[in-house]
Amino acid sequence: MTGIPIPQGELRLEPEFISAAEAAQLFQALDTELNWHQAEIRMFGRMVKIPRLQCFQGDPGIHYRYSGLSLQTDPWHPLIQAVKQRVEMVSGHSFNSVLINYYRDGKDSMGWHSDDEPELGRNPVIASLSLGQARRFLLRHRVNKTIPQQELLLNSGSLLIMAGQLQHYWHHSVPKTSRPQEGRINLTFRHTFTTDTQME
Ligand SMILES: O=C(O)CCC(=O)C(=O)O
Ligand SMILES: [Mn+2]
């Protein structure tokens, strides 16, 4: 994996973690077989649909907190479980859950945020596998605005690892684009601490 040097965080990218052909096959299978839903969040007192589809899978007993709700995970899809094992080998970390986002076209996006929920622990290792349409992935420092913004193009089959202090010091986003775009599925493997497991 290639390290991308940035201050106060660790980023590593494997552009061809899985082949383009395998990534296309996996995209097709997940597109049709997963239990996609469009979550709603409260914004300025109104319920609004988030601009993408999602699903969340994990080990039994793992809960997923979203906008004040605590949701059960779906069981692992066998293809995701198989790819998770390869992600664990390459990253040297184990994961018990995955958040899966489906960007249907260029209007679907993810706004600036950090993966800093308390249940992810102190310096979470997050492994992000992208399938389908290549999309821009941006990072900007949360405090020091003189540090340049980082931009990566996440191709189909690429694996990005975010680790160290990254979530404390950086926000990331997948911006909208007006260019015609095919669908993209992104899987972020995480270790979620629940009340049943020990916090690090
Ligand atoms: O789609 C991506 O590349 C990013 C997804 C993400 O940031 C997240 O799931 O928290
Ligand atoms: Mn994120």
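1. Ground rules. Residues are numbered from 1 along each chain as its sequence is written, while chains are lettered from A and ligands numbered from 1 in the order in which they are written. Because the model is predicted, local features need pLDDT of at least 70 and side-chain atom pairs count only at pLDDT 80 or more, whereas totals for chains, interfaces and linings use all residues.

2. Overall build. The protein has three helices and 15 strands; helices (H or I, at least four residues) and strands (E, at least two) are DSSP runs, numbered from the N terminus. Its radius of gyration is 16 Å, which agrees with the value near 16 Å for a compact globule of 200 residues. That radius is taken over C-alpha atoms, and the globule rule is 2.2 Å times the number of residues to the power 0.38. Along the principal axes, the C-alpha atoms fill a box of roughly 45 × 40 × 40 Å.

3. Seven strands make an open sheet in the order 1-2-13-10-15-8-5, with antiparallel pairing. Strand 1 (2–3) and strand 5 (53–58) stand at the edges with a single partner strand each, so one side of each has no neighbour in the sheet. Strands count as paired if DSSP finds at least two bridges between them.

4. The start of the chain. Two bridges join strand 1 to strand 2 in the antiparallel sense, and the two form a hairpin with six residues between them. Within that turn, Q8 has a positive phi of about 55 degrees. Strand 2 (residues 10–14) also pairs with strand 13 (residues 159–163), antiparallel over five bridges.

5. M1. This residue lies in the segment before strand 1 and is partly exposed, with 14 other C-beta atoms within 10 Å. On this scale, a residue is buried if 20 or more other C-beta atoms lie within 10 Å of its own, exposed if 12 or fewer, and partly exposed in between, with C-beta atoms placed from the backbone. Leaving out residues up to four places away in sequence, M1 touches R12, L13, E14, V90 and I161; a contact means C-beta atoms, placed from the backbone, within 7 Å.

6. A23. In helix 1 (residues 20–33) we find A23, which counts as buried with 22 C-beta neighbours inside 10 Å. Beyond four places in sequence, A23 is in contact with I18, L131, S156 and G157.

7. Buried residues make up 32% of the 200.

8. Ligand 1. The surrounding residues include L99, N101, D115, H172 and N186, where near means a C-beta atom, placed from the backbone, within 6 Å. Strand 8 (97–103), strand 14 (170–174) and strand 15 (184–190) each give two or more residues to the shell. The shell divides into five nonpolar, five polar and one charged. Here Ala, Val, Leu, Ile, Met, Phe, Trp, Tyr, Cys and Pro count as nonpolar, Asp, Glu, Lys and Arg as charged, and the others, Gly among them, as polar.

Key. Contact = placed C-beta atoms within 7 Å.
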